[in-house]
Amino acid sequence: MSLAVIDIGGTTIKFGGYSAETGLFQRTKVATPKTLAAFYQCLQQQVARLRQMTEVTGVAISSPGVVDQAAGIIRGASAVPYIHHFPIVAELTKRLELPVTIENDANCAALAEVQAGAAADVRDAIFLVLGTGVGGAVILNGQLHRGRHLMGGEFGYMRHGDDDTVSHLGTLVNTVARYNRRHGTHLDGKTLYEQAHKGGQEAKKAVQRMFHVLATTIFNLQYSFDPDCFVIGGGISQNPHLLADLEAALDAVMAQTELAPVRPVIRIAKFQADANLYGAAVHFQQQSQAGLIR
């Protein structure tokens, strides 16, 4: 018996099957539909395709937005606006004729890392997703901490300095955008990072500023939540220089504070591009075990 696993993104939707015996299988992806009607049709077709190959007992979905588990509604906003603010879990359950669960994508990635990834050996962890903005998740006692307003892990909203946010200052996407505006260039993030490592002074200054913001954020979260470790995910986490550069920035932050006995432990996420699919399956299993499947 298997789950159909789905990862909704602004550009593509990933599909696959998952079973405890084989892990992920039959992975594919399609362009994200432009309308809700096309979205329904796409999911119905892909789930039907999987059901022709194996027995499917449920559908586990990773989604952008703030997922209200009690109401079965995706609140907030995302690059897929038509999935928000209506009882989507109930609607998909009816259309797919299978139990459906939905969890926030960053929470799914964190669940995957806690289950069998970089945080499998700890009880408390903070997961940071570095993409267009800074997202993440808080794991306490092995469980997601969503918070009173479902905003647990939304670290990008945190202020840095008097007039800016961690999301704006702490990602390579926004760093290269600022660099290009300032210097009249058209670099992508990977090229800027490469130039910084090759000794380009302006590129190095811009990238070091980004790492200072991230290191300061990690330092502050260490002394707020006191987790066992931090796990870094998102596209930049695949860069082989990331961990060393972040550790160096953290060294500089630690050196500025005399009374800071605990140094944050930083790890790189294991599951990378498959994290949301794995985590969606973990969430479905947890909901099933808790008797919360609709």
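1. A polar contact is a pair of N or O atoms within 3.5 Å; within protein, one atom must be able to donate a hydrogen and the other to accept it, and residues adjacent in sequence count only if both atoms are side-chain atoms. Keep that in mind for the start of helix 3, where a side-chain oxygen of asparagine 104 comes to within 2.9 Å of the backbone nitrogen of alanine 106.

2. A word on where the values come from. This is a predicted model, in which local features need pLDDT of at least 70 and side-chain atom pairs count only at pLDDT 80 or more, while totals for chains, interfaces and linings use all residues. Residues are numbered from 1 along each chain as its sequence is written, and side-chain values use heavy atoms, with hydrogens and water left out.

3. Now look along helix 3, residues 105–116. Helices (H or I, at least four residues) and strands (E, at least two) are DSSP runs, numbered from the N terminus. The expected span of a helix is 1.5 Å times one less than its number of residues.

4. How many of the twelve residues of helix 3 are buried? Nine are, so the helix is mostly covered; buried means under 20% relative accessible area, exposed over 50%, and partly exposed in between (1.4 Å probe, protein chains only). Among the buried ones you can find Cys108, Leu111 and Glu113.

5. Next, the charged pairs. A salt bridge is a side-chain nitrogen of Lys or Arg within 4 Å of a carboxyl oxygen of Asp or Glu, and the structure holds nine of them. One joins aspartate 68 and arginine 75, at 3.0 Å from N to O. Aspartate 68 is buried at 14% relative accessible area, whereas arginine 75 is partly exposed at 33%.

6. In helix 2 (residues 88–96), glutamate 91 and arginine 95 lie four residues apart, about one turn of the helix. Their closest N and O atoms are 2.7 Å apart in a salt bridge. Glutamate 91 is buried at 19%, and arginine 95 is partly exposed at 35%. Lys94 joins Glu91 and Arg95 in a network of salt bridges.

7. Finally, arginine 267 and aspartate 121 meet in a salt bridge of 2.7 Å, N to O. This pair links distant parts of the chain, 146 residues apart: arginine 267 sits in strand 12 (residues 266–268), and aspartate 121 in the loop between helix 3 and strand 8 (125–130). Arginine 267 is partly exposed at 24%, while aspartate 121 is exposed at 58%.
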